[in-house]
Amino acid sequence: MKRFQARCISKGHGTGVALVCGSPIGFNFGVDVQTGAITEHKHELEGISFKGRVLVFPHGKGSTGGSYVIYQTARIGTAPVAIINRASEAIIACGAIMGGIPAVDLPEGDAYDQIRTGDLVEVDADNGIVRILERK
Amino acid sequence: MILNVDQKRMLEGELGEPAQVAMEMLDSLGTIFGAERLIPVKSAHCAGLSLKSHGEAGMLWAEEMADKGGRVVIPTTMNVVGVDRSRDLGLPEGWSVNQLRIEKAYERMGCIGTSSCVPYYFGFLPHFGESVAWAESSAVVFLNSVIGARDNREGGPSAWASGITGYTPEYGLHLDENRKGSMIFRLDTKLSGIADYGALGNYVGKKVATEIPVFENLGNPTIEELVAFSAALASAGGVAMFHAVGITPEAPDIKTATGGKACEVFPVGKAEIEQGYTNLTSSEEDKIDYVAIGCPHCSLNQIEEITRLLQGRKVAENVKLWVHTNIPIKRLASEFGYLQVIENAGGVLTQDICTILGCPEALGVSRLATNSPKMAFYAPGSNGMTVRYGSTEDCIEAAVSGRWR
């Protein structure tokens, strides 16, 4: 099991199968809140749902309306179970806090690059700890 | 960040859930942006209040925060919304009902329902050096640059959080060292009118992204030209502040504006202004069905100018002319007979709304003419419109003839 130190962006605790994305995610006008799927044209995760997954992506992008979209997924039940960013920004931070979704950023060293889609990952945002419980 | 006793109490939920959510946001943002502490702010301005930004989810969230006792502790004005509360503009009912629910929720939390992007025009006026937490990108630039107040590019939720708590994280433009210019733009041409200043702002905004530009020879702009300029820079780039030597208060000379560091100098002339006009034009046909002026919201001077241009003329039958302003300016316009001139000509003077955050496209219009560099920039994406961009005179001509020039 691998264990990394991270910064708490939004408190809470979540465990799930990682969904790793190399490019930023714009929630405003980029996500279907009913399914939790990315809808942005030509995005690497286009059509794939983050519902119940540990969503790993570099940072958010787009307009501040994205915070409300993240909140919407939490209300409906299609939100990720946790978020890991390389470096968070305001839209993701505010949206995760509004929605009660645990979120962390800046995992130490090359930790961010070690998480792979399919890994079973635990995010303890309260204590700033990320654990890879099982490799795919 | 190091929090004081009051801030810790809020974070622990002792002042209720909305204050806790607000303080969690500010704590997190402070962490992200490297702030050492929170500082008090004297006022806040909440943006993103249009249904287009909040969506139904945001509406439910705002209602929940109001239901749970969320109340602002500093004067917190509201930005533009999607419904004109004084009249029915024929917008879809579903839109209007939900938009009004958002406004009611924020008003229940104590926000001031002036619903405008230019509160500094009617008495909400920070002073030089004062730290505030205002969202609305055009106001951020205007406050930092023209007034010399201190404001970061707040998002909707973060400005709300500052209203609820009275604090903002001390980072970015609240700190002296971050307020210096890094790129110099030297004009060798004269600018005249909002559209010229908007074109320059668009050209430079695209070039500098999030740097602080310093302008030399910006001329003798009116306040309305400075407001349009601010809006253009903020929308075309991610600009939060500019300096104009001899005009803005933190730029008595180049050395003060740049902090003495060496900066590249970019000459700017007719070609660059033309480029700005080109950037903001997306229509290839002459037909116009919608003329919209007032982004940011019109001052009384701008409305008076429009009445002079409309005197004795009528808006063409297949054209809608919307002039956007806010409640106080509209009341003055009515006092002085300007509103009557506009409406007798067949135009509409709106309050509370604008084009990009409203949905005039629901009324079937799609060929916009405007003098606003911000509206011209966003309208293709936010409203599905094509755009002709030019002077106020050209826009009124288009309203009367139904054709661009």
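This is a predicted model: local features need pLDDT of at least 70, side-chain atom pairs count only at pLDDT 80 or more; totals for chains, interfaces and linings use all residues.
Strand 10 (residues 290-293) and strand 11 (residues 320-324) of chain B run parallel to each other and pair over four bridges. Strands here are DSSP runs of E of at least two residues, helices are runs of H or I of at least four residues, and both are numbered from the N terminus; two strands count as paired if DSSP finds at least two bridges between them.

Residues are numbered from 1 along each chain as its sequence is written, chains are lettered from A and ligands numbered from 1 in the order in which they are written, and side-chain values use heavy atoms, with hydrogens and water left out.

Now zoom out to the whole sheet in chain B: five strands, parallel pairing, open, in the order 12-11-10-13-14. At the edges sit strand 12 (348-350) and strand 14 (386-389) of chain B, each pairing on one side only. Neighbouring strands are turned by 25° against each other on average, direction ignored; the axes are lines fitted to C-alpha atoms, and angles run from 0 to 180 degrees between N-to-C directions.

Next, the place where the chains meet. Here 18 residues of chain A are in contact with 22 residues of chain B, contact meaning heavy atoms within 4.5 Å. Together the two chains bury about 1700 Å², 67% of it on carbon and sulfur atoms; that is the accessible area (1.4 Å probe) lost when the two parts are put together, summed over both.

Two salt bridges cross this interface, a salt bridge being a Lys or Arg side-chain nitrogen within 4 Å of an Asp or Glu carboxyl oxygen. R75(A) and E64(B) meet in a salt bridge through their side chains, at 3.2 Å, N to O. On the chain A side, strand 2 (7-10), helix 1 (65-76) and helix 2 (90-99) each supply at least two residues, and helix 1 of chain A gives the most, with six.

Within chain A, the side chains of R135(A) and D119(A) meet at 2.5 Å, N to O. This pair links distant parts of the chain, 16 residues apart: R135(A) lies in the segment after strand 10 (129-134) of chain A, and D119(A) in the loop between helix 3 (111-114) and strand 9 (120-124) of chain A.
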